[in-house]
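Please examine the model shown below, together with its sequence. The account that follows is intended to be read alongside it.

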Amino acid sequence: MSMFEDIPVDVGVIYEGERIRYRQMQVELGGPREKYKFELVRVFPMDEVEDGKVTIIGPDLKDLEEGKNHPFGIYIKVAGKELERDLEGVIERRIHEYINYIEGFMHLNQRYDIHLRLSKKSFQRGFNTFKLLGKVLERLFKSELPIIEKIEFIFVTDREKVKEMYEEAMRIYQERDARARGLTDEEVDTFYGCTLCQSFAPTHVCVITPQRYANCGAISWFDGRAAARVDPKGPIFAIPKGKCLDPVKGEYEGANKAVRDKSLGEITRVWLYTAFGYPHTSCGCFEGCAFYIPEVDGFGIVDRNFRGETVNGLTFTTIADATAGGRQVDGFHGLSIEYMRSKKFLQADGGWSRVVWLPKSVKERVKDFIPPDLVDKIATEEDVSNLDELREFLIARGHPVVERWKEMPAEEAAVEAERPEEGPALEVSMEGLPMAGLPAGMNVKIILKGARLKVKKMIIKPMREK
Ligand code: SF4
């Protein structure tokens with residue numbers, strides 16, 4: 001029985017986090033195989049929005065080739081007496097949440113990176129037109145955000161039209177990001193938190209500050225402020241900053257408390273401007289990820305759109321898997337492209353003077369924010385393709401990390417990077433675990449939190465029948 005009687009599939013929060021595998025999908029919309037895709041919300045005057053109207057440009061769901069990926073754009077026009085342009089980014093981010101409420105519909109990422117899948121099962125039950133998608137979204141948006149009085153949808157699958165609208169969307173995202181620059185973390189007494197991605201990463205909490213844009217790149221401090229004002233009980237909330245405990249690493253009393261509360265005690269501290277120690281958690285929809293390369297004591301950065309292997313032989317997916325899921329993983333740091341334009345970018349680790357490699361397309365996007373004397377010292381996939389070549393490149397260009405090699409031998413640098421700054425290397429307690437009382441044959445799962453296991457020797461032998 002559906003939450004909405006005229007919708008052939010169920011709709012509700014229980015479907016958030018539902019994964020649609022490749023083999024289960026009727027169609028894929030956007031995603032890594034499509035260059036052009038976007039979602040965009042714009043605020044209009046009341047008389048320019050036709051409430052409830054759904055326009056489809058290109059083939060509808062039922063006419064899209066089964067099992068294939070397709071270019072896709074979602075353009076939503078909203079109007080309301082209280083609505084301001086500042087709320088566009090926040091309303092836009094809710095598309096992720098509400099589409100995931102639909103049984104058999106999966107939505108990942110944001111802005112120019114969206115990746116959607118509709119399951120065969122939901123399609124066969126009759127969810128076969130974007131008209132239904134518009135109808136569900138209209139009801140959810142209006143009930144959750146009553147500030148929206150009128151809403152109109154345009155779904156685009158026509159390849160040329162998606163491309164044309166994508167260019168326009170990119171321009172608007174850039175304008176939004178630029179608007180949010182200028183303010184510093186020291187100038188405000190409130191940060192904002194977001195737990196929208198907890199359906200996929202239950203312990204993840206984004207701490208959004210003026211100089212640390214959200215991981216997904218879709219929510220600035222200004223967006224956070226606007227969202228918390230119009231929907232104080234929603235997933236975006238105010239964090240009183242509290243005392244600054246470490247201005248270099250970016251540790252704040254209020255941020256620690258917020259992540260502790262919202263992660264239900266799983267995460268107890270967060271350092272906002274470093275990839276070591278207690279780095280900001282990552283959900284999985286970050287735009288890019290910084291990864292420590294111990295061989296050169298520097299950072300590589302890879303974004304979601306980078307195909308192929310990074311300089312240390314790992315792909316974006318492997319690196320993302322190593323850090324996603326709401327964990328704090330030493331040496332990995334999920335981030336937004338906009339954060340790379342911030343003065344606080346990896347501040348405690350050396351900022352840009354510690355970055356040694358990144359994809360050319362990302363370098364182009366943030367070039368104006370890299371200190372001019374470093375631009376040519378940071379390699380891209382066009383300069384080097386492995387770590388040996390990277391070392392040579394860094395020496396030849398006089399990258400500042402080379403100086404660090406003299407201070408610390410490479411093997412030690414690797415060990416140093418893996419060692420937490422505080423506490424013993426291994427802290428495991430079995431106290432209170434009633435092992436003796438467990439029924440015979442019962443499986444026990446032991447989770448070693450924060451433990452580091454050292455393996456001196458590993459022997460792999462084939463299993464033989466006795
Ligand atoms: S990445 Fe962070 S800010 Fe963006 S939607 Fe997820 S939790 Fe919210």
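The paragraphs below treat the ligand shell, a helix and a sheet in turn.

The model is a predicted one, in which local features need pLDDT of at least 70 and side-chain atom pairs count only at pLDDT 80 or more, while totals for chains, interfaces and linings use all residues. Numbering starts from 1 along each chain as its sequence is written.

Around the ligand lie 13 residues, a residue being near a molecule if its C-beta atom, placed from the backbone, lies within 6 Å of it. The closest are Cys-194, Cys-197, Cys-206, Ala-214 and Cys-216. By class, the shell comprises 10 nonpolar residues, two polar and one charged; Ala, Val, Leu, Ile, Met, Phe, Trp, Tyr, Cys and Pro count as nonpolar, Asp, Glu, Lys and Arg as charged, and the others, Gly among them, as polar.

Helix H5 (residues 221-230) is mostly covered, with seven of its 10 residues buried. Here, buried requires 20 or more other C-beta atoms within 10 Å of the residue's own, with C-beta atoms placed from the backbone. Helices (H or I, at least four residues) and strands (E, at least two) are DSSP runs, numbered from the N terminus. The buried residues of H5 include Trp-221, Asp-223 and Val-230. Among the elements covering them are helix H1 (88-99) and strand E9 (190-194), where contact places C-beta atoms, built from the backbone, within 7 Å.

Elsewhere, four strands form an open sheet of mixed pairing, ordered E4-E1-E7-E6; pairing requires at least two DSSP bridges between two strands. Strands E4 (68-70) and E6 (105-108) are its edges, each pairing on one side only. E6 and E7 (residues 115-119) run antiparallel and are joined by four bridges, and Met-106 stands opposite Arg-117 in E7.

How values were computed: A residue is buried if 20 or more other C-beta atoms lie within 10 Å of its own, exposed if 12 or fewer, and partly exposed in between; C-beta atoms are placed from the backbone. Two residues are in contact if their C-beta atoms, placed from the backbone, lie within 7 Å.
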